[in-house]
Amino acid sequence: MDKPITTLFMLMSLDGKISPGASDALDADKDFPKIDGVKEGLHQYYEIEQTTDLWSFNTGRVQEKMGVNRAAMPSKTPVSFVLLDNTHLTEHGVRYFCARSKEFVLITQNKEHPAFNVKEDNLHLIYQENLDLSGALAILKKEYGCERITIQSGGTVNGLFLREKLFDYVDIVVAPLLIGGKSTSTLIDGDAIEREEDLSKLGVLKLIECKKLEDSFIRLRYQVVK
């Protein structure tokens, strides 16, 4: 498939959690800076984030948690954002990303999404009756010139990328933290493998780099080989 090169880039705890808890009121970006022993090294994650691709994929749910539906309009950045959203972004949230993005692409299955009421030159809508991530990626490359994209979505959507073999690289910063909790979101959520014949859907990785950072943080970089 002719698609952009994709990299999953995330911050997680040692036990694979990408949130401090199961409630939507809890969020790593908001709560990790409050935790002694973790907050000291967080800057390294954000510094690495600044070096990621100029196309970024996320979800409306994550951005709602970040407060974009109420945030003041931001300054323009060189980054083009792609959001998967059906119900979480308001019209204000859409306009927020139009103001922030070089190009803003919204993927939705909702014909009534507020984005359809917004007219901005850099807003592009991909409507899909049934979600097709591989098809959306192909459109991003063919129609919008997206050659490389960083994926920073939640565990459920990350699970869809994994099962559809859409990851090319994985770049993880591991925080010195154990969170636990069966219902707390992990790096990869979604449907579990239950049958031996589905083992081909697993992601097999080749280690590219294992780097010890300051304050007991670690960076792990892999290429997805299968």
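Author: Gladly, and a definition comes first: buried means under 20% relative accessible area, exposed over 50%, and partly exposed in between (1.4 Å probe, protein chains only). The model is predicted, so local features need pLDDT of at least 70 and side-chain atom pairs count only at pLDDT 80 or more, while totals for chains, interfaces and linings use all residues. Residues are numbered from 1 along each chain as its sequence is written, and side-chain values use heavy atoms, with hydrogens and water left out.

Reader: Why is R221 called partly exposed?

Author: R221 has a relative accessible area of 28%.

Reader: What makes E209 and R221 a salt bridge?

Author: A salt bridge needs a side-chain nitrogen of Lys or Arg within 4 Å of a carboxyl oxygen of Asp or Glu. For E209 and R221 the closest N and O atoms are 3.3 Å apart, so the pair qualifies. E209 belongs to strand β8 (residues 205–212) and R221 to strand β9, 12 residues apart. Strands (E, at least two residues) and helices (H or I, at least four) are DSSP runs, numbered from the N terminus. Salt bridges with shared partners also join D2, K141 and E147 into one network.

Reader: How many salt bridges are there in the whole structure?

Author: A search finds 15. One of them is between D27 and K65, with 3.8 Å between the closest N and O atoms. D27 sits in the loop between β1 and α1 (28–31) and K65 in helix α3 (residues 60–66), so the pair ties together parts 38 residues apart in sequence.

Reader: Why is D27 called buried, and what is K65 called?

Author: D27 has 9% relative accessibility, so D27 counts as buried. K65, at 27% relative accessibility, counts as partly exposed.

Reader: How do you know what to call R148 and D53?

Author: Their side chains meet in a salt bridge (3.5 Å, N to O). R148 is in strand β6 and D53 in the loop between α2 (42–49) and β2, 95 residues apart. R148 is partly exposed because its relative accessible area is 39%. D53 counts as buried because its relative accessibility is 16%.

Reader: What makes β8 and β9 paired strands?

Author: Two strands pair if DSSP finds at least two bridges between them. Seven bridges join β8 to β9, so these strands pair, and they run antiparallel. C210 stands opposite L220 in β9.

Reader: Which strands pair with β7?

Author: β1 joins β7 through seven bridges, and the two run parallel. Strand β9 (residues 218–224) pairs with β7 in the antiparallel sense over six bridges. I172 stands opposite L220 in β9, while F9 stands opposite D171 in β7.

Reader: Why are β5 and β8 said to stand at the edges?

Author: Nine strands form an open sheet in the order β5-β4-β3-β2-β6-β1-β7-β9-β8, with mixed pairing. β5 (123–127) and β8 each have a single partner strand, so one side of each is left without a neighbour in the sheet.

Reader: What is buried in β7 and in helix α6?

Author: In strand β7 (residues 169–175), six of the seven residues are buried. In helix α6 (residues 155–163), the buried residues are G155, V157, N158, G159, F161 and L162. Just after α6, K165 takes a positive phi of about 60°.
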